[in-house]
Structures are given as C-alpha cells and as structure tokens.
Amino acid sequence: MKRTLGVCYYPEHWPETQWAEDAARMAALGLTWVRIGEFAWSRMEPTPGTYDWAWLDRAIQTLGDHGLKVVLGTPTATPPRWMLDRHPDMLALDKDGKPRGFGSRRHYCFSHLGYRAECAKIVSAMAERYGKNPHVAAWQTDNEYACHATTLSYSNAAKSAFRNWLAQKYQSPDALNRAWGNVFWSMEYSDWSDIGLPNLTVTEPNPSHVMDFRRFASDEVVSFNRLQTDIIRKHSPAPIAHNYMGAVTEFDHFATGADLDIASWDSYPLGFLSDRIPAPADHKLRFVRQGDPDFQAFHHDLYRAVGRGRWWIMEQQPGPVNWAPYNPDPLPGMARLWAWEAFAHGAEAVCYFRWRQAPFAQEQMHAGLLRPDSAPAQAFGEAEQVARELAKMPDVGTAQAHVALIFDYASDWAWEIQPQGRSFSYFWLVFHIYKGLRRLGLNVDILPSDTADLSAYKLVLAPGLFTLSEPLKAALAAHQGTAILGPRTNSKTENFAIPVPLPPNLPGLDAKVIRVESLPPDVPVPLAEGGNLLHWREKLEATATVTEMAEDGWPALVSSGRLHYLAGWPDDQALTRILHRACAAEGVETDPLPEGLRRRDTATHRFLFNYNPVPAEWGGVAIPPAGVHWTEL
Amino acid sequence: MKRTLGVCYYPEHWPETQWAEDAARMAALGLTWVRIGEFAWSRMEPTPGTYDWAWLDRAIQTLGDHGLKVVLGTPTATPPRWMLDRHPDMLALDKDGKPRGFGSRRHYCFSHLGYRAECAKIVSAMAERYGKNPHVAAWQTDNEYACHATTLSYSNAAKSAFRNWLAQKYQSPDALNRAWGNVFWSMEYSDWSDIGLPNLTVTEPNPSHVMDFRRFASDEVVSFNRLQTDIIRKHSPAPIAHNYMGAVTEFDHFATGADLDIASWDSYPLGFLSDRIPAPADHKLRFVRQGDPDFQAFHHDLYRAVGRGRWWIMEQQPGPVNWAPYNPDPLPGMARLWAWEAFAHGAEAVCYFRWRQAPFAQEQMHAGLLRPDSAPAQAFGEAEQVARELAKMPDVGTAQAHVALIFDYASDWAWEIQPQGRSFSYFWLVFHIYKGLRRLGLNVDILPSDTADLSAYKLVLAPGLFTLSEPLKAALAAHQGTAILGPRTNSKTENFAIPVPLPPNLPGLDAKVIRVESLPPDVPVPLAEGGNLLHWREKLEATATVTEMAEDGWPALVSSGRLHYLAGWPDDQALTRILHRACAAEGVETDPLPEGLRRRDTATHRFLFNYNPVPAEWGGVAIPPAGVHWTEL
Amino acid sequence: MKRTLGVCYYPEHWPETQWAEDAARMAALGLTWVRIGEFAWSRMEPTPGTYDWAWLDRAIQTLGDHGLKVVLGTPTATPPRWMLDRHPDMLALDKDGKPRGFGSRRHYCFSHLGYRAECAKIVSAMAERYGKNPHVAAWQTDNEYACHATTLSYSNAAKSAFRNWLAQKYQSPDALNRAWGNVFWSMEYSDWSDIGLPNLTVTEPNPSHVMDFRRFASDEVVSFNRLQTDIIRKHSPAPIAHNYMGAVTEFDHFATGADLDIASWDSYPLGFLSDRIPAPADHKLRFVRQGDPDFQAFHHDLYRAVGRGRWWIMEQQPGPVNWAPYNPDPLPGMARLWAWEAFAHGAEAVCYFRWRQAPFAQEQMHAGLLRPDSAPAQAFGEAEQVARELAKMPDVGTAQAHVALIFDYASDWAWEIQPQGRSFSYFWLVFHIYKGLRRLGLNVDILPSDTADLSAYKLVLAPGLFTLSEPLKAALAAHQGTAILGPRTNSKTENFAIPVPLPPNLPGLDAKVIRVESLPPDVPVPLAEGGNLLHWREKLEATATVTEMAEDGWPALVSSGRLHYLAGWPDDQALTRILHRACAAEGVETDPLPEGLRRRDTATHRFLFNYNPVPAEWGGVAIPPAGVHWTEL
Ligand SMILES: [Zn+2]
Ligand SMILES: [Zn+2]
Ligand SMILES: [Zn+2]
C-alpha cells in the first residue's frame, strides 16, 4: 500500500462556490484523502427528522471529481441544539454533579439511551445514503472520544447503566460486597439500587468501586462506537476508523480498536508538549517549537498496535494551534518531519488539520495548510515536499522490532485511582521506559496486556501492569528472551486487592514486595552502580539473584535467568544501564543517540529525525534542525 | 476650581452623640467633603416601604453645620435582608450556577427587573428628599460596580435579558448564527429561546458568544447606573459620580462615565500591589509599603478620560487595609504622596477612606484617619499636611500631554476570552507600555477607542486594540504625528472573527500578520538591536520598512512614515528604545528617570514623587523616601 | 499505672477461623489492648432495627480468652447504606452546597436529629450488651471527629440548629445585630429565620457571623459526643476515650474532653509531615522517613491536657501509610522511637494501627504489624522490643514542667476567619513557639485558655490568644513568674470586634497596638539585636520598657516586670534569644539541643530521641539514627 497524504475539510464552512477551487488545489498539492462531515449534524438534520443531504452530496461529488477520496465522519460529537429539547437529560454530569452543557462539543453522556437512538438514526441515514458512494473510501466514527475528559459521566443515565453492568458482572450484591471488600467501612449494599457512582464521597471511595466504574465507562465508549460500526458495515465496505488523541487513556483503545479497521490519531506535537507532557523546564524550552522527540513515536507505535497494523494520522498539526497554554509556531520543517516520522512508524496516511484556517468560532487561531485569506501557510509547502518525496519511496512497510513494551489502559486507571504517591503515573512510567529504549536507537513494538505470544521479541518490558492476564502470564512463561517486569507489576487482583501470596508472584522468580514507598521528587534512592530510583521503590524479600542493589542494601533488580523484576522507577542513568545490559545479553544491537536525535527503521530504510533546534551529527552525517535523513538498509 | 480633601463617613456606625465632634474635627483638619450613605439601606428602609430619614436628615445637618459638603451615596450595593423575601431570584449566579448570597454586599444581579424597581424606588425617595438639600453637593451611585467580580451573572434574569439584547442586535437567529459562525460545531440556533449563557460548556464556548455576553453584561451596568442618574437629575442639580476600582475592566467605564459628571476611583496602592499587580518578587518587595510607582498614575489618567476631565479619588488608602493577601503599613509619607500625585494628575478632590476605623464587621482591620479609639492614626497628620499645602497651591490644572495611549474595555474582554497564550493580558500590556512612557518622564493622556481627534498629540499608542473603530481609523489617517499600533491591533472583526484581508489592515501600511505565536515567559524572541519580544510575537508579510528586526529575520516593527506596527510584546529594553526614537522623531523631550522616581507636570508645576524606600536624586535635588517635590514651571 | 501496648483489629475483616491465632500472637507479642468495632455498623445492624451481636460476642470472647482487653468503639462514623433511605437529608453539605455522600466514611451532619436518634439507639444497644462484659475495658466514641474536614456542614439541619443556638445566645435579633455590627453593610436581621449559614456570600461574610458558626459547630460535636458518653456511662464503668487527630482544630477538644475519661490520638508522623506541616523543603527532606521532631510531642502535651492527665495513642503509624501525598517507609527504629516518646510524655498506652494490613478497600496500602500474608512486618519486631523494654520500666509518670504554653481552639478559628495576612496561622504560631522551647530542651505543659491557676509555672506563653478569658486574666495577675503574651493576644472581644481601649489591654502593662501589618514571607522586620519578625508585626504605643526593638525604631517586645508583650512573630534566632532570657531570669535550666535531637524528662528518667537519619551526639553519648536513649534522673 502506497503512503498517502490527506487533509481535513469543512465544506459547510465555506461558500459552495469555493469548493471546486479548493478541491483542485488539494489534488494539485498531491493529497489523496479529504476527511469531512464530522461536526455537521446541524446541517445534515437541521430539524429533528428532516435531513438535508443535498449539500453533502455535492461536496462529496466535487471532491470525487478531482480524484480525491473522502473519509466521511459521523457527526455524533456535536448534537445540535434541538437534541436537548428532545433529551434534556442527555448531558453528562461532571464529578461535582454539574451538567456539561451545550455550546461547544462532546456534550453527551455515553450511557443515555435516547441519545444513542438518535445516533443510530443519523448514522443509519448516512450509511444508507453514502455506503456505496464510490468517493467515500473510509469512515470515521464520532470525533476524539474522551477529548475534554468526556468519558466519565455522573448522570442518572450513567448510574442506571452502571448498576446493570454490575448486576451482570456480580450477579448478587453479596458477591459484589465480597469482591470490593465493602465490609471495610460499613459500605455494604443490599440491593443494586443502593449503589451510586463514586463521586461526592467524603474521602476517597473504595478503589474497587472506582475501578469497576472506570471499566464500565470504557465499555460504554466501546458499545457506543460499536453501535455505529455495526450500522456502517451493513451498508458500506469501506474501512472504518476513529481518531484518537495523545496521552488519553480514559477508555480502552484496544477494545474500540477491535471493532474498527484502522486506528488513527490526532497528532499535535507542540500542543501536547505545552499542555500535557510533564517534562522539566529546560526540556520544554529546548523543544518548544518541535515537540517532544518521543511523544509522537510512542503514539505511532501504540496506535499501530491498536489498529492491528493499520493506522493513520487523521489530524496533523500544521502550524500554531489555539488550545494549549502556549502556542508557538513550529520550526520550519517540522510539518514535514512529523509526517515522515509517522510514515517511518508505518502510517498509511497522514492528514493535515485543516485545509483552510477558519476565521470564526472556537478554532480561529488554529493554523491550516491555507491562511484565512486562502494563501498558502507555512505547512503548505512542507506538505507539498512530502508529497513529492513520497512518490519516490516504497510502500508502507514496518520492520519487525526486537523489543516489546506492554501498554494497558486498565493499569493507567488503577494507578490513577491509587497512585499511592503524587508523582506516580502509569502512563508516564511507560513513556519513560519507552524514551529509554528510543535513546538506544531501538525499534519498539507496543503490545496489549492480553498478548498471548511473545516469540517474536528478544526483550519484553511490562512496567506497572496492574494485573498480569492469563494469556500474558503463559506467554511470559514460554518466552525465550529477556523480560523485565515491575515496578508494581501484578500487584493487584482483578478486584483491586493485594494478592496473597504477595506480588509480583511470578513463576520461577522468588521475590515478594513486602513494603513500598512513594517519594517526593527530591528524595532519590541511590543505586550502588550509579543512578537512582525515583518516585517509587519497593522492598523485596527475595532469593532471586540481586542484579542491581540500592545503596541501602535493598535489591533494586532481581533476576532469575532472563526474567527480571525491577523494584522501582529508575532514573535515566539507571534505566539506560539496565536496558543496555538486557540488550547486550540478548544480542540486540543498540545505538545510543545524541539528545533530540531519533532513529527508526522500516522494512527497507533507516530514518533519522532531528528534533533539535540546532544541527545534529550522526554517523558522519550532519542533519539540520527539523531535518529528516534516510538511507536504504 | 480649588483642590479639596474629603473623607468617607458612616454616621449609622456611631452613636449620634459623637457626630458633632466628628464633624468639628473633620472641619478642623481642613476637609471639604464627607461621603455618606452608600451602605445604609437597612437604616433608610428598615422594612419594605417604610422609610426612616430622620437620622440621615440630622447627620447631613450636623455635617453641613460644620461647613462640610456631603456626597450622598445611593445604597443599592447592599440590599437589606428583606429584599430576598420579596425577590428570591434577585441573586446573581456564578459561573458554576451557584447563587451569590446574602451576608456581605453586591448580592444582586444587574438584570433582575424586580430589583431594579426597588432601586428606582429608594433612589427616587432619596433624590426627592435630598435633591435640594444645600449640604448635599454631590451624589454617588451604588458602590464599586464590578467589585468582587459581580458584573457577570448566570441567572435566569440575565439569560432572559441577554436573549432580548441579542434579538435587538441581530433581529434573526440566522443572522446571529452567521455572525458567530455557529456552523462550526453544529452550534446553530433556530430560536432566541435556544440561546444560553456561555457557562458550563464542555470545552470553551464560541468566543463570539462570550464577547456578546460581555458586551451585554457591560450594557446592563450602564443601564442600571443610568436608571439612578436619570432619577437623581430630576431632583438635584448636584454632580453625580461613581467610585470605580483599580484594574477592573468588567464593564465599559467610558459608557457609564457618559451618564455621570465626575469619575472617581478608590485607590488602594498597597492592596492592589499585593492582590492584583503581576510584578516580579523583587519589585513587590521593593515597593511593598509604597505601592507600584505607576499603577495609581495610570488610573488617574484613565479616570480623567472617563470623567471627561473631572475626576476624584473617592477612597484613598490611609494605612493598612484588610482585604489583600498581605497588608503592610504604608511608609510614613505615602498617604501624603498619593494625595499629591492625584492632584498632580488633575484630581479635584481626594477623600480618605475612612474617618474612623470601624472596630466591628468585615473591615475592622481597615485603617482610617482615626483609630478605633478616636485618636489620630498615621494618615491623620499627613492629611493635615496636605490640607495646609493645598491652601498655598493654585487651582486644579492639567498640562496638555504630547503622548496619547488608547485604552479599550472591550479589547480586554476580547483577549481575556481568547488570550491564545496564558501570559497574554490586554490590561497588563497597556500598563506595560504606560510604564515605559512614565520611565521616560512623559505626561500621558489616556483616550477611549472611539476617539475622533488626535490632533493634540505628537505620539499615539494603540496596543492590542481588538477592533479599530471607524472614528479612530479616521483620526489616525488624519493624524500629523507618530502612531505605534500593535501587537494584535485590529486583528478581529466586531463579530470576533479574523478579518480578511488579514490584520492589521492599516491604510498606508502594507503588512499582514500571517501567523502568531504565544510563548512561555522563559522563551524570548531576541531582537537584532537588543532586547526581546516576550509572551507574544507575530510574523509579518510586509513591504513596509522594517524598523526593528528579530534575530531570526522576521520584522518586529514595520513603519510607513510616522505609522508603525509593533509585531509583539517588547521587553523593557526594546520598549524604551522604540519609545525613545519615536519621541526623538517628534521632538518630544524625554527625561529618563531613576527606578521608583516619577514625574508629572501640571499646567503650572512640575511634581516629583519618590516611591522608593530610599532617597532619590534628580536634577541635583535629593528627595526623601515617600517624598514629594515640586517646582514652578 | 503500667505503660501498655495495644493494636487496632477488625475481626469482621477476617475469617472467624483466624481470630484465635491472631489473638494468641497479639498476646505473645506483649500487647494489652485491642481496639475493635468502630467501623462495623453494617455487621452489627445489617438492616434497620435488626442486630447481629453473635459475631461480636465471639470476637470479644476470643480476645478476652487470650488475656487481651478490648477497647470497644461505637460505629457512628460509618452509618450503613440503609441509613440514607431512612434519613436522606442526614448528609453534611459542603461550603458549595454539595452533599458529602455515601461511599467512604463520616458522611453525616452532626446537627441531624434523625441521625442522632439512630446513634443513640445503636450505642444504647452496645452499651447494654457489653457494658458489663469483663473484657470490655474501655470505650471509644465514634472515630476521628472532624477528620476529612467534617465538622462544618451547610445543611438545612445545621442551619436550623444554628438559628436555635443563636436565639439561645442572643435572645433577640436586635441584640445579635448589635453584637455582630450588622449595620455595617445593611446586614441586619429582623427575625431568626432570616439568618443563613456563612457560606456562598459574594465576598467575605461578617467575621462575627462566622465565629459564632464555628462555636456552634464545635458545640454540635460536643453534644453529639456527650449523647454517646451519657448512654455508655449508664451501662458501663469502663473509661471512655475518643481518638483525635493531628493539627485538627475544627472543634474544641477541651470541651469534648470534659465528657471523656481519656484523650487519645492517632499519630501518623510521616503522613502528617507530608500532608499538613508547612515546613521548608530541606526540613521535609531531612525528616522524610522520621517525621517532624516536635509534631508528635506537641500533640502528646496537648492531649495530656485535653485528657486532664490521662491520654493514649490510639493509632500509631507502624510503616508506610496510604493517604498522604507521599508515603515513605519509616526509618527502622521509628516505630519504637515514636512509642517511647509517647510514654515519655505520659501516655498510658500506645496502640499500633493496625494488626494486619487489609488487602482490600481504601486502606489496603496502609501497613500493619503484620503483612497481608500474616508474616511480621517491620514494626512487629519494634513493637516486640518496646514490650520487652516496658517490662523493666517504672509506671507512667510525668514530670512537672516549668513552662506552660496556652492553646485555644477558638483562637485558631478566629485567625482562620481573619488571618489578615495569608501566612498567619494561630496553630503554626503556637507550634513555632513550642519548637523554640523544645530546642532548649524544656518540658512543656500545654494549658487551656480558661486556666485559672498558673502557680506551678515559672514561664507562661500565650501567643495569639483571640480573647483573654476572665480566669486566665486573673491567673496572670496573680502569677509569680514570667509571662510572654502576644502577638495578637487579647486583640478581639468575644463578639469579634476590636476592643476599645485598644489591645492588648493588659493590667500593669501600658502598651497599645495602634497598627498591625501582615507581611509576605520574604519581607522581614529586622530586630536591633539580630533576627527578625516575620509574617506579622504590630506597632505599639507604649510607656512600658522596650526590651526588644526593631531596627526601624518600633518596639518588638515591651515589658513591665515579668510581664512581656511580643509585637510580632519572631524568627528562630529572635525566639531563641527571648526564650533564653526568660528562662535565665526565672532560673529555668536550658539545654540547647542539636538539630533533630529531642529530650523529655519523666518523673524518673531523662529520655533522648534522635529524629535524625544520622547519629547524634549529646553529653558524650552517641545516639544512633532513630535511637532512643534514657538515663535515670
Ligand atoms: Zn481535533
Ligand atoms: Zn471600598
Ligand atoms: Zn485513622
């Protein structure tokens, strides 16, 4: 499959007279895909039950006439104002019980059955009308599930659905009481209708209660999405995608991914560096106009797994955005670098967001490929360059990685519920390990936590996994290679209790976590060979070999053959040493890279990406700031 | 007109037996004015419809008997408890929908018609009774509109009034939808009753929606105030004032000012330095007992404009206050310095707040001219000194400034709604420019954004103006002098959209802002000649002359003749250079002042104010800490 | 009375088959006490009115059979879910008006009469059944009143009870209006039903209003507690305790203490250092695994006063806890040190919390004496050592201190209501003075603010006392010794007004506070002899001798014979000098201690506690980290 480019477009924002010229310019630029429709419900169904498809018919036709393929989005992220008259209680409620109202987007509760029925209706109407349209070559469901923290709702609809979910799972309140340990503070329930949502409690609610609520909420996203995919598949052979976000873990993307053909994500490297990456100030400063050198790659690898190999960038930042705390202008070249990095990680398509900067409403300060006056913006020329370069490159092709890293959404919920120390985060722990691997120049595959076969990998890492699934346990047992587990791996039962025997309880590795401590960021635990544990450390009672020792005499890494357990959060120095040794032991070649330079091999090429604002040297090659370099393998 | 002193007094707080002695001491101190009445509703109308004027009659008589003139305040900032029984829904609601209840002050929604009727009744009763009273020489409406962030209300009364306001403005929902760009996220309305207030949305609401809500809310203050001035004018020839606050921009003070005769403000230099001025720690430390050296002057100049030349200090900080995060004791001399600075900027009167420190209720830790035990407090002697000094000085007289600075309330709303970067603030940008001018020793006139004649000024600055009004555009075109506009000037349409052609779209200056970036405070954009742009920078496509260049090659200041556009927020060094050159070009003499020393010329005198805690030298004169120095011109 | 050890145990959490073994191990460890029952309401009364005592009978019997004494807790901190069906409005409301719901603990409003009746019923049932049980040797009411900020409720039940309380106190609304100064902002009430709770006001409510609400809320805790003690005493001769917390001042512990036989508290040194002690970063770092060296001692001395000599530790931290921002592992030895320090301060018993770490529900990460797998945890061996050491030591015995420090809950409410400066806190001021005394090696007695006899003390300190009570005033007048009062002492009337004559108004000391200033932490007021006042300083008009002078010439300490008034918050250097001189003057021997080393004399022994992570030297003795050293006196 050829690597392709695309763009997001909103015909309803522009006079129809402009459509043909826009389409012609898109085609001339070398774009293949145009995503449309995902916020246009008020134009598709201006009043309840009355559809207006004519404009959309013409828009699709115009794009198709210019050889463009349409990704058609369902508009369910933006129910029109009339929806509230029909379903006043469809709004999600926030943790404080306040409604999250009309006037922006994503103002719905996933559990509201009336709203689900409305979604089914509009999706059916779209799928029936466009399912066989030759220009509609892909679908997108809704838009950025969970964006603006919209997964969790404390509405009556959610409460009622949660009770049903619990009744299905536990069958009796007594079973639930036992599973959750509700005896603890007289929290026992005698009836399903006793059970509330875990908000507005005096102090923290039972973590088992919250964990089930998080699972339920994730399941609601999955079934909401499946409602749409089931309908679309009835009418259309085109593949279906959803556009995920960065560092969003509110629902299990692997579970929604199972119902989709393609995973896609919306990549805003500068916005994300500004608004969600917890990096030190000097790091944020150095990469302020380029983005974090690993954040994009991490999500490329994650969504490649979520899409079972098929993934896109559905929205690529083209210039300054409007929504982060600070919105700098990308260094010239970054809009090209980001696209090439995605392709190097196996993307089938990269779509820039958006075609023309909209001069009105919420995102008027969000750059596009065109300026509001239709002149080309900075990214236009960079996209053009990518299009030219793509023409000479081979098809999509991903190299087999030797290293696997397990990522598990439920574990992020678990440690968000019970961090035990303010600076512990599952997501950022996994990302920290990923960064350590990337600094060594390694290709990494990210795998879900129910992976049943690890035979392709020489090195497997599974930090912070709440519970080891049965398939993964078996795969680890059968694995011929090095595995590094911990910290916190397998430290809870499915019901969110501490298992006895004590964790990690790994077959073949005699070690017990007898005590943990969470630490302020300025309290390191020094290791005998240099570096430290930070944020988190565990005290182990173990007969396994002590491979790394803390200066205070407690084990930091214990090993039994090729199975290792890491008793804390290693800093960069300690992490690099541990990973280096593991790679050496398995014969995995490493290539320590200078700051801000990153490497990725495809099946045919080796790519280098310079995220620095200054030139970088590597293997005798000088790579300019924001530069991309590739050589055939 | 003679410069005068006054004081705020609450006869209802003290035994009637004390009034005569108080009045005698006020007169002996040299005071002219006594403001009374503004919180006494529960004593004027103890039960609904039953008035008790006897005590107020006697209080006014007692003061008048001692030769004092009364400023009589309407008590509408403090509706009594019984008001809530009559109008339970008169409370404003905060952004979260919570009522802002009884128990302090300003607990009303400006849009509540029932409350407006009650205000009309009490004001009518007062105006009828005291309109011709020979001792009532001025009026004050309400007290500190907007104080405690009370302009915006999310009540039903406000919602209903907002819908009417929108219907008047747009005439049809379709016109509103087009003006706001509501197609963007399916936010289109089909009926006025669809439209809500822009709170409690999932993510940010449409900025056009918020902008109209802010305009509406400001208009509500204006009409609430006009309701009172219309009534008072029917019965009284005395001038009417309102007492504004510092750094409060929630409503358009020029618009309320148009219905008033005098602008006055409540000047709390130490409170404001502590609670609202975003200065670095070393600045706050140096001026902790003196206040920011420019904050008072800025407001003097602003309110002189709001009052069309006539302005007062209605409340002058006399000692420590009670309401700021920290409440230090002013350096001895500051209560005199602040008064003299006000007079140098053209104040007609300076009234200290308050006569005697009240030992009870919310402000018991707020100093007065007297201590709670009636002994003179620190400021008493300083006021006495000012009174003696005033006797020998000429009448109120303001020198014509050569420099004008435009200030626009709506622009502050606009950039609060859409800062685009966390550290961008219109108010503090304008204040930053003002400080730059003051450091050069310049007199500055502040002008509203609809100014139609700039012919008196050699140098005009208009930073950050959301939209250039037609009168100002014409005035700038006709202006024979230097004008420096930008950053962000004229970058939005009235409807809060990006205009095409792109901004600043200034006749005679070919320059387009093609991209902007907001920057964290630690990311400067260095300029070729030294100094930096901070917080904000714009990238220009321009054929105009590049007068200042960033080190990265983008223009920082472009010029066409005497019209300049500034493409960012200059730091002190860059700002001083730019202003210095502009003054030199226009033959405006500058006098760079040492830190904390400030100068102001009146029609007849040159004043110097030493805000430092240490002596300052200037032109061979040594000025002590908190010292005031004047020479005849 | 012999010093004893104990533990908290939850038979309902474990299979009954395990009870006997647990009891045997407790006895073998040397424990005397087992606290049970305090969260088990859902097991005692599974459905309304139906009791199940059988399991509790057997649990008590099993413990008793092993020679253990039971402390039986009433379960009123955890009403079961069915309670809400019976009393839906029993929940407390938070300051925003949101209900504080079911799902954790302490979800009740102290003022709800229906809930009080339910509490009376369950306590009666328990007292009747177990009042004469030979193994029930003590009682505990409820659990940790005020924990999770649960004293203040803004419910309808609270509002109604508050109105009654006010009516009792003031007899007429007019009297209340006068007492509160409600004329100030037209806040006058004409009927009790006009009066609301002091939340949700536009700006700060009247401090007199809040002060009465705080007194009322404290009284509600007292009467809630008395309801239980009255019932228990009818049926049981055993002493009654309540377990207080650290740095909790929401209610007057002296008042609840008057109805109890024993004061006890829950001592979590590492949790408290992490979550509530406002210490600088280097201090938090040094003591991260030991706790603040004075925080425990302060509470020991405070609760010894609250218990009129009889006090316990009801819950002693044994290892890492789960609830603080960071939860480190205590240094080995601390679980022993903390116990010994308690005994040195006069504790009768120290009970570790808890026996076995519960692997489920909210506190699953809270260590116990046993691990979840029943193996001994770190503290097990340390408790064992303490048990062995206790056997050889004499009975409980407290040395008479020469120094008294007054502590007053109402003063903490007062300065929380009106700090006047962000960094002023009564609690931390008193603690700061306490630390200064401890650094000098002094035994300190803490006394309530209505103490009528000071004759036992050579030195008395009373910083920050809102109002001097009549008994204390008389005791001070009669006192033959040194007294240091101030800052802020006696600066308000009972009604929360500034008294005239001005404070401190101390007989025999001519000094008036004519002005105060609150200061940011980086604005010191240097003293002539070194050191500074911080946070707070007062300007005095005084004829009394100036003993300490600020560099700016204002008095810092004024004295008349042995009566001193301190006009600010002294830093460590100034405080040490002042205390040193006072001790010298009174012939109180001081012993300045190195950092982290603390000393306490009992009637028979001198104890030294090394809170440092490194060895400490004292008097030629080397004390290891976490070491305890004692010598006979
Ligand atoms: Zn997006
Ligand atoms: Zn005021
Ligand atoms: Zn506890």
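**A zinc site, a helix face and some aromatic pairs**

Glu144(C) and Glu315(C) are both buried. This is a predicted model. The two glutamates coordinate the zinc ion (ligand 3) through OE atoms, at 2.4 to 2.5 Å.

Next, helix 7 of chain C, residues 173-180. Its buried residues are Pro173(C), Leu176(C), Asn177(C), Ala179(C) and Trp180(C). They span an arc of only 165 degrees around the axis, so they sit on the same side of helix 7 of chain C. These buried residues pack against helix 6 and helix 8 (207-235) of chain C. Gly181(C) follows the helix, with a positive phi near 70 degrees.

Now the aromatic rings. Over all chains there are 180 aromatic pairs. Tyr108(A) is buried because its relative accessibility is 1%. Tyr115(A) is buried too, at 0%. Trp428(B) and Phe431(B) have ring centres 5.5 Å apart; their planes stand at 80 degrees, so this pair is edge-to-face. Both residues lie in helix 16 (residues 426-439) of chain B, 3 residues apart, so about one helical turn separates them. Trp428(B) has 18% relative accessibility and therefore counts as buried. Phe431(B), at 3%, is also buried.

Charges meet rings in chain A as well. The charged end of Arg356(A) sits over the ring of Trp14(A), 4.3 Å from its centre. That of Arg488(A) sits over the ring of Trp415(A), 3.6 Å from the centre.

Definitions and conventions:
Residues are numbered from 1 along each chain as its sequence is written. Chains are lettered from A and ligands numbered from 1 in the order in which they are written. This is a predicted model: local features need pLDDT of at least 70, side-chain atom pairs count only at pLDDT 80 or more; totals for chains, interfaces and linings use all residues. Side-chain values use heavy atoms; hydrogens and water are left out. Donors are N, O and S atoms within 2.8 Å of the metal (3.2 Å for Na, K and Ca); water is not among the atoms, so sites may look incomplete. Buried means under 20% relative accessible area, exposed over 50%, partly exposed in between (1.4 Å probe, protein chains only). Helices (H or I, at least four residues) and strands (E, at least two) are DSSP runs, numbered from the N terminus. The arc is that of the directions from the helix axis to the C-beta atoms. Contact means heavy atoms within 4.5 Å. Rings of Phe, Tyr and Trp (its six-membered ring) pair if their centres lie within 6.5 Å; planes under 30 degrees apart count as stacked, over 60 as edge-to-face and the rest as tilted. A charge sits over a ring if NZ of Lys or CZ of Arg is within 6 Å of the ring centre and within 35 degrees of the ring normal.
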